[in-house]
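Trainee: I have a two-chain model open and want to go through the contacts between the chains. Can we take it step by step?

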Amino acid sequence: MKRILKLLARLYPLSWRTRYGAEYEALLEEASPRPRDAFDVFWGAIKMQMTAQRFARIVLPCTLVGGIAAFAISFARPALYRSQTLILVDTDDRHPIGNQLRGQVVDLLNQPFLASVIQQEDLYPSERSRTSLESVVLLMSKNIEIRKVQTSDGKSASALVLQFDYPDPHVAQRVDEMLASQFIAANLRAGAASATSEFLKGQLLIAKDPAIKTRIQSQLRQVETATSQLHRFRVLNVASLPKKPTGLSRTELGLIGLFAGFLSGTIAAAILDSHQRATN
Amino acid sequence: MSDPSILVLSSLAGGDKHGYAMMEDIERFAGVRLGPGTLYGAITRLEKLGWIAAVGSGDRRQPYTITGAGREHLEGQLASLGRIVRAGQRRLENA
């Protein structure tokens, strides 16, 4: 800890260290350090830097550059609106939402379906003019997320959230509705397996050859296992119309940029100070 | 009452001290532990204002003394605080 405090003490301006450096180090050696002293020394260095001449020449410009860069990034980066659909899953403890969900997600994100949505809703017009439809489909799939909703006690999920991010909130809502419909339809198609099960049971009753009977029984077991793992999905909350964009706001991003610029300026000033001290 | 400047001046009013001795003294009489950064921030400020001064020492541990102007400032601050304390106590008693 003492070593960390001594390192942090190097962040003080050179003029200050010339006057107080030796006695400050003596104090750091003598005192029993506490973890919060690290922040105290760091903050003390920042405050001293602000009163030093270098502050106006290095730290202030760095802070401004950081702030301006962050604002520029916030303008260049399109704001994305997130629409969400909450889907309730009727499930039992023996078969929590699991592997079969992945299959349905793959089904939802299949290229022909997404390509048809892109064309129908005229999504990503500028990207489509620049790149292939496959790349745009890939971009769209990155803006889709399906996640399980965990209960507060950490038990298995009983609901899913299907979300879609897009620069236009109304389009985000419409597309999210389409995705939710496709997701539920994919599960219903899988439900056709239960009809197969009924057919195989009928065949088992009329089959006479033991070898054929064994094969039918084996197929029936496989189909019944698949059928028992099916979930019934119900849309609990329809696709929401997002009011605010996702992620950091312009102000938040600007403040982060200002702070990052200030911090790098302070460190740069401290490095320049050390360099100057070494050459003197 | 945890203004580091008043705490440092109060500590030096009891005799010359170096940084670590001030830190210990302040913890004893005020129950406040000043971090190294806060303590030296106050020392730097007070020395610039001429309210404390470094006294000769052959050691790395630099002792400081309170100056006449520092004593005057401390007296003014403590008198003002005393008035606030007395007024607060009177009001609490009458409430």
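Trainee: How many residues of chain B are in contact with chain A, and with how many residues there?

Mentor: On chain B 21 residues are in contact with 20 residues of chain A, contact meaning heavy atoms within 4.5 Å. This is a predicted model: local features need pLDDT of at least 70, side-chain atom pairs count only at pLDDT 80 or more, and totals for chains, interfaces and linings use all residues. Residues are numbered from 1 along each chain as its sequence is written, chains are lettered from A and ligands numbered from 1 in the order in which they are written, and side-chain values use heavy atoms, with hydrogens and water left out.

Trainee: What area do chain B and chain A bury between them?

Mentor: About 1700 Å², with 51% of it on carbon and sulfur atoms. Buried area is the accessible area (1.4 Å probe) that two parts lose on being put together, summed over both. B:Arg33, B:Tyr40 and B:Arg60 supply 38% of what chain B buries against chain A, more than any other three residues.

Trainee: How many salt bridges across the interface?

Mentor: The rule finds six, taking a side-chain nitrogen of Lys or Arg within 4 Å of a carboxyl oxygen of Asp or Glu. One joins the side chains of B:Arg33 and A:Asp37, at 2.9 Å from N to O.

Trainee: Which elements of chain B supply at least two residues to the side that touches chain A?

Mentor: α2 (19–30) and α3 (36–49) of chain B. α3(B) gives the most, nine residues. Helices here are DSSP runs (H or I, at least four residues), and strands are runs of E, at least two, numbered from the N terminus.

Trainee: Back to B:Tyr40. What is B:Tyr40 in contact with, leaving aside neighbours within four places in sequence?

Mentor: Its partners include A:Trp16, A:Tyr20, A:Tyr24 and A:Met48 from chain A, and B:Gly19 and B:Tyr64 from chain B. B:Tyr40 is also among the residues with the most contacts inside the largest nonpolar core, which has 36 residues. Such a core is a set of buried Ala, Val, Leu, Ile, Met, Phe, Trp, Tyr and Cys residues joined through side-chain atoms within 4.5 Å.

Trainee: Which backbone oxygen does the side chain of B:Gln62 reach?

Mentor: That of B:Val55, at 2.5 Å.

Conventions:
Buried means under 20% relative accessible area, exposed over 50%, partly exposed in between (1.4 Å probe, protein chains only). A polar contact is a pair of N or O atoms within 3.5 Å; within protein, one must be able to donate a hydrogen and the other to accept it, and residues adjacent in sequence count only if both atoms are side-chain atoms.
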